[in-house]
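Please look over the two-chain model below.

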Amino acid sequence: MNQTVKCMGLSFQNPVLVASGTFGYGEEYYDIMPFSALGGLVTKTITAARREGNPPPRIVETDAGMLNSIGLANVGLECFLTEKLPWIAKHAGQARVIVNIAGFSVDEYVEVAAAVGSTPGPDALEINLGCPNVRAGYVHFGADPESVHAVISGVRKKVSLPVIAKLTPNVTDIAALAEVAVDAGADALSLINTLPGMKIDLSKRRPVLGMGFGGLSGPAIRPVGVACVYKVYQQMQGMGAQVPIIGIGGICCGADALEYILAGASLVQVGTANFLHPRTPGNVACELAEFCESEQVGNISDLVGLAHER
Amino acid sequence: MEQIRNLGGWRLKPVFEWVRVTRISSVAERTFVIAFNEPKSAAAIGPGQFCMISPCPGSSNVFLPRPFSYYRVADDHTIEILFRTFGRATRWMAGLAPGDRIGVFGPLGNTFNQQPGAERVILAGGGIGLPPIVFLAESLSRLANAPQIDLIYGELGGARVVDLEKVVPSQVRCHITTEDGTVGAKGLVNGQLSRILDTCHSPPAVYTCGPRAMMAAVAGMLDPEKVALFETSCEENMACGRGICQGCAIPLRGEQDSTRYVCCCTEGPVFNGFEVEWD
């Protein structure tokens, strides 16, 4: 069955990708779930310099999800380009390679994007806007329209690859931020990133995580993600913009992915569920194909946004 | 002195299997042994390695898999995990019955150095840090020139003490210590360790696994010049077991008093005890 999805001028062999930070650099799970069988791999967020990350504990389970406070631990741009990316490119097959980047200043975002964009291998860039802006009072880039515009337009000018803005749900109006990202030149929108949360250790009477707060992910946030996709899709339709949405947040099975697609997502990313079983994204893709077959849907793209009033 | 081996060269690729529990038994207060058969990986498992155990989807409110050190691996590929109930996942496991299915992802991580390079070996296990210590005692006892092995096992109270007689080879000298003194000697693991160290005429190899405070105390009383080897098996919350989530950071001493974080799951769980930042 043909599951091909056209998006951002790229062809995806199926609509299921794996989310940044949940599939490493593709190598770690390759023997169990080769990402080459998926729509694409979004690599762990890369910053200009290698980062050690936050003090432990960094993760803790919550009801139907988990909190993480990793602190963007990553190998750094140079190691990524020389050691990780060549392996990924060699093993990608038909899967699309999307490199997720972040920075702590607009200049850093642009620098990292330019370096990745001028290296063979990546098919698109995903911009993680969940970083604190050290030059603007540590407000997250994604929460400030001016910062979103500065980052996306700065990156847009430097790279010819499709640019995906990964939006945070921790804003009053995600649709307004989506509009800013599109005006700045984003080719697609990924949503959502994690929600802030905290778990308290009753015996220590302190937050469990080393940094106190963490990002909540997993099935617990799926309704939030679906609502954000629905809202942003509506906004895009209103603007007359043909900007595809990539749905992320708590997808564990085909039915979960379908919710996102019906809300308006052209592609989906499986994230935290990869930790439960690395074969989850492959199963999601199979279940979507089975659904299309049983419901006699020609292509999954025919379902995008159908939950909206017509 | 290279104390942490890179086993990447021969380490078996981990397998994810749904297996059926063959046996589950209570062996001490809140302490259980769960057994299952997993022939794809059993032959390659070394002491110190661990697996991630997860429930079948929808069968429990446990969300993430949990890491457990291997306790015993039999020649018939029966794998045993020793665990104690602390939270949601271990309570779920304690309620399992023979025939129930669980997800097992392993073997993961590195092993203890099984070439201790010393005539005497001291193994120190505290509380639920016991499993890899028992596995290592069994493994070292099989060496052609097996060293003299002393195994110190500490618990809070006697009700929690696991009977070592059936699981530790007879040539291993066991020293049980409890904080309330109800079983074995009254006191802490490091008290026993100090006494045994005094009887060593040459630098011994020391291996430990237990609560962080216990391992820190052991690290504090060892002189790097006077031990042949000092390895600790560490634990940290983790989600994937494969170095992806970056959740299980262990702080190691970096250059110039800096701290560098490494993943417990891929660079450990066994570390050179002198390199870990215990503070």
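What follows describes a predicted model, starting with the interface and moving on to each chain.

## Interface

At the interface, 26 residues of chain A are in contact with 20 residues of chain B.

## Helices of chain A

Helix H6 of chain A spans residues 254-263. After H6(A) comes A:Gly264, which has a positive phi near 135°.

| Helix pair | Axis separation | Angle | Source of contact in the partner of H6(A) |
|---|---|---|---|
| H6(A) and H8(A) | within 8 Å | roughly 70° | A:Val284, A:Glu287, A:Leu288 and A:Phe291 |
| H5(A) and H6(A) | 8 Å | about 20° | A:Arg222, A:Gly225, A:Val226, A:Val229, A:Tyr230 and A:Tyr233 |

Take H8(A) to begin with; this helix covers residues 280-294. Its axis crosses that of H6(A) at roughly 70°, which makes the two helices roughly perpendicular. The crossing is right-handed. On the H6(A) side, the contact is made by A:Gly254, A:Ala257 and A:Leu258. By class, this contact has five nonpolar, one polar and one charged residues.

Now H5(A), residues 222-239. How is H5(A) oriented to H6(A), roughly parallel or roughly perpendicular? The angle is about 20°, so H5(A) is roughly parallel to H6(A). This crossing is right-handed. H6(A) brings A:Asp256, A:Glu259, A:Tyr260 and A:Ala263 to the contact. The residues there divide into six nonpolar, one polar and three charged.

Helix H4 of chain A (residues 174-183) is mostly covered, with seven of its ten residues buried. Those residues are A:Ile174, A:Leu177, A:Ala178, A:Glu179, A:Val180, A:Ala181 and A:Val182. Their cover includes helix H3 (145-158), strand S9 (163-166), strand S10 (188-191) and H5 of chain A. Just after H4(A), A:Gly185 adopts a positive phi of about 115°.

## Sheets of chain B

One open sheet of chain B holds seven strands in the order S4-S3-S7-S1-S2-S6-S5. Its pairing is antiparallel. Which strands stand at the edges? They are S4 and strand S5 (72-73) of chain B. Each has a single partner strand, so one side of each is left without a neighbour in the sheet.

Strand S4(B), residues 66-69, has both faces covered. B:Arg66 and B:Phe68 are buried on one side, and B:Pro67 and B:Ser69 are buried on the other. Strand S3 of chain B (residues 50-55) runs antiparallel to S4(B), joined by four bridges. Within this pair, B:Phe50 stands opposite B:Ser69.

S3(B) also pairs with strand S7 of chain B (residues 101-108). Five bridges join these two antiparallel strands. Here B:Pro55 stands opposite B:Ile102.

Another open sheet of chain B has seven strands in the order S11-S10-S9-S8-S12-S13-S16. Its pairing is mixed. At the edges are strand S11 (185-186) and strand S16 (270-272), each pairing on one side only. How do S10(B) and S11(B) pair, in the parallel or the antiparallel sense? Strand S10 of chain B (residues 173-178) pairs with S11(B) in the parallel sense, over two bridges. B:Thr177 stands opposite B:Ala185 in S11(B).

Notes: Residues numbered from 1 in each chain as written. Chains lettered and ligands numbered in written order. Predicted model: local features only at pLDDT ≥ 70, side-chain atom pairs only at ≥ 80, totals over all residues. Contact = placed C-beta atoms within 7 Å. Buried ≥ 20, exposed ≤ 12 C-beta atoms within 10 Å, placed from the backbone. Pairing = 2+ DSSP bridges. Axes fitted to C-alpha atoms, helices over the stretch in contact; angles between N-to-C directions. Parallel < 35°, antiparallel > 145°, perpendicular 65-115°, else oblique. Left-handed = near helix turned anticlockwise from the far one by under 90°. Nonpolar A, V, L, I, M, F, W, Y, C, P; charged D, E, K, R; others polar.
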